[in-house]
Amino acid sequence: MEDYSALLQPIQLPNGLQLNNRFVLSPMTTNSSTKEGHITDEDLRYAERRAHSAALQVTGAAYIEPYGQLFEYGFNIQDDACIPGLKKVAQAMKKEGNKAIIQLAHAGRFSNQAILNYGQVYGPSPMTLHSPIKHEVLEMSQEKIQEVIQQYADATSRAIQAGFDGVEISIAQRLLLQTFLSTFSNQRHDKYGVDSLENRTRFCLEVMSAVQQVIDEEAPEGFILGYRATPEETRGSDLGYTVDEFNQHLDWVMEVADIQYLAIASWGRHIYQNTTRTPGENFGRRVNQVVYEHLNGRIPMIASGGINSVETALDALQNADMVGMSSPFVTEPDFVSKLKEGHPEQINLHVQPEEFDALAIPHAAFKDIVKMMDYGEGLKKQTRDELRKLEQNYDE
């Protein structure tokens with residue numbers, strides 16, 4: 001049996017807060033909120049059942065405006081009406097003393113729900129696309145960019161009022177901020193445009209600066225600002241941005257915002273094992289290793305993607321300080337507890353329908369999410385098929 005004690009060691013964030021172990025409950029939208037994006041009792045039961053699961057816990061993406069909504073039945077943080085429900089979520093997540101983070105997100109041109117609702121979405125540059133239906137991508141004016149920056153700031157204020165321990169800003173997985181960094185998506189030629197890395201990074205830096213200002217003015221001591229990102233964008237052998245560009249971008253982010261951790265995220269299988277396609281001395285090395293070495297201990301780094309066992313967690317920890325899991329905590333919220341008790345052999349990621357209530361899995365859940373589980377294969381197909389059956393309950 002491998003020595004897994006490294007996964008159970010405490011870790012201190014730069015702001016002095018100590019976390020009890022190296023596990024992170026990574027963002028997972030359950031699609032169990034109302035159509036209007038308000039919290040339900042099933043949301044709360046799900047969160048409370050997992051309150052002990054990891055030292056650091058991050059909600060699924062909370063959308064900051066309707067045009068930024070990624071998934072139907074996700075929850076919003078777009079106005080003050082959401083605060084009472086979010087307070088209950090924060091309390092449920094923190095019940096066992098772990099830290100509760102809310103992810104603030106704008107899906108931009110990949111806002112699937114906005115496409116279906118409005119037939120158009122916002123992005124860096126104009127496009128006509130055909131999936132899931134024919135729709136237009138509207139180029140964001142500089143006025144619209146400033147509006148979204150303010151929406152991030154306002155959402156941060158609401159998260160503080162709701163009692164979360166922190167907020168996480170994501171530029172991962174083709175969300176709006178990431179598409180400005182990408183030369184695939186960004187074809188504009190103004191100060192937010194494609195002509196230089198400084199310009200492509202500007203929108204993100206202005207968001208992070210605005211969020212940091214709200215934290216400085218309103219948040220209690222020890223409030224956590226997290227950052228989730230995809231360190232390299234690839235289409236075959238083509239690069240939307242390189243890992244070297246990402247590392248430079250990360251340095252600039254750390255100059256304007258006091259981020260307490262970096263979480264690595266992307267699409268695909270076994271993400272934590274991805275190797276870089278950036279030409280030069282780092283080509284073929286693990287992306288996580290390149291970024292981890294660049295950080296050089298300045299902030300903790302969280303690896304995620306394909307981590308669903310003790311063995312993969314230990315492997316990922318070779319180039320990270322913490323490990324993030326999402327779908328494994330759906331079916332095995334007691335993963336870490338069983339590890340602490342010395343019974344890793346009892347960890348079971350499969351689930352039967354009769355166990356759903358005990359696991360507080362919502363009656364209608366994971367609409368469109370199981371397709372992403374299929375892509376990542378964090379759970380076995382038999383288990384994914386059991387969760388897939390819950391989609392039919394939305395008709396009720």
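**Figure 1. R286, a partly exposed arginine, and its partner D315.** With a relative accessible area of 23%, R286 is partly exposed in this predicted model. Its side chain meets that of D315 in a salt bridge, with 3.5 Å from N to O. R286 sits in the loop between β13 (261-264) and α8 (287-295), whereas D315 belongs to helix α9 (residues 310-316), so the contact ties together parts that are 29 residues apart in sequence. D315 is partly exposed as well, at a relative accessible area of 26%.

**Figure 2. A buried salt bridge joins E168 and R228.** Here we look at a pair whose closest N and O atoms are 2.6 Å apart. E168 comes from strand β9 (residues 166-171) and R228 from strand β10 (residues 224-229), and the pair links distant parts of the chain, 60 residues apart. Buried or exposed, where do E168 and R228 fall? Both E168 and R228 are buried. The structure as a whole holds 21 salt bridges.

**Figure 3. E386 and K389 meet in a salt bridge.** The N to O distance between these two side chains is 3.3 Å. K389, at 47% relative accessibility, counts as partly exposed.

Figure 4. Which residues does the network link? They are K35, E72, K367, D368 and K371. As a reminder for this view, side chains of opposite charge can pair when their charged atoms come close.

**Figure 5. A patch of negative charge gathers on the surface.** D216, E217, E218 and D258 make up this patch. One of its members, D216, lies in helix α6 (residues 197-218). D216 has a relative accessible area of 57%, and because exposed means over 50%, this aspartate counts as exposed.

Figure 6. Q212 is buried, with a relative accessible area of 9%. How far apart are Q212 and I259 in sequence and in space? In sequence they are separated by 47 residues, and in space their C-alpha atoms are 8.8 Å apart.

Figure 7. M372 is found in helix α12 (residues 369-376). With a relative accessible area of 32%, M372 is partly exposed.

Figure 8. For R174, phi is near 70°, a positive value in a residue that is not glycine. R174 is placed in the loop between β9 and α5 (176-181), and at 37% relative accessibility this arginine counts as partly exposed. F366 also has a positive phi, of about 65°, although it is not a glycine. Where is F366 found? Its place is the loop between α11 (335-340) and α12. F366 is buried, with a relative accessible area of 0%.

**Figure 9. A263, a buried alanine in strand β13.** Strand β13 is the place of A263. At 0% relative accessibility, A263 counts as buried. How many residues lie between A263 and P10 in the count of sequence separation, and what is their C-alpha to C-alpha distance? A263 and P10 are 253 residues apart in sequence and 18 Å apart in space, C-alpha to C-alpha.

**Figure 10. Two buried cysteines, C82 and C204.** C82 counts as buried, at 4% relative accessibility. C204 is buried too, with a relative accessible area of 3%. How many disulfides does the structure contain, taking a disulfide as a pair of cysteine sulfur atoms within 2.5 Å? By this rule the count comes to 0.

Definitions and conventions:
Residues numbered from 1 in each chain as written. Predicted model: local features only at pLDDT ≥ 70, side-chain atom pairs only at ≥ 80, totals over all residues. Heavy atoms only, no water. Patch = residues over 30% accessible without salt bridge, like charges linked within 9 Å, V, L, I, M, F, W, Y side chains within 5 Å. Areas by Shrake-Rupley, 256 points an atom, 1.4 Å probe, with all protein chains shown as cover. Salt bridge = Lys/Arg side-chain N within 4 Å of Asp/Glu carboxyl O. Lys, Arg positive; Asp, Glu negative; His and termini not counted. Charge placed at Lys NZ, Arg CZ, Asp CG, Glu CD. Helix = DSSP H or I, 4+ residues; strand = E, 2+ residues; numbered from the N terminus. Buried < 20%, exposed > 50% of the residue type's maximum accessible area, 1.4 Å probe, protein only. Disulfide = S-S within 2.5 Å.
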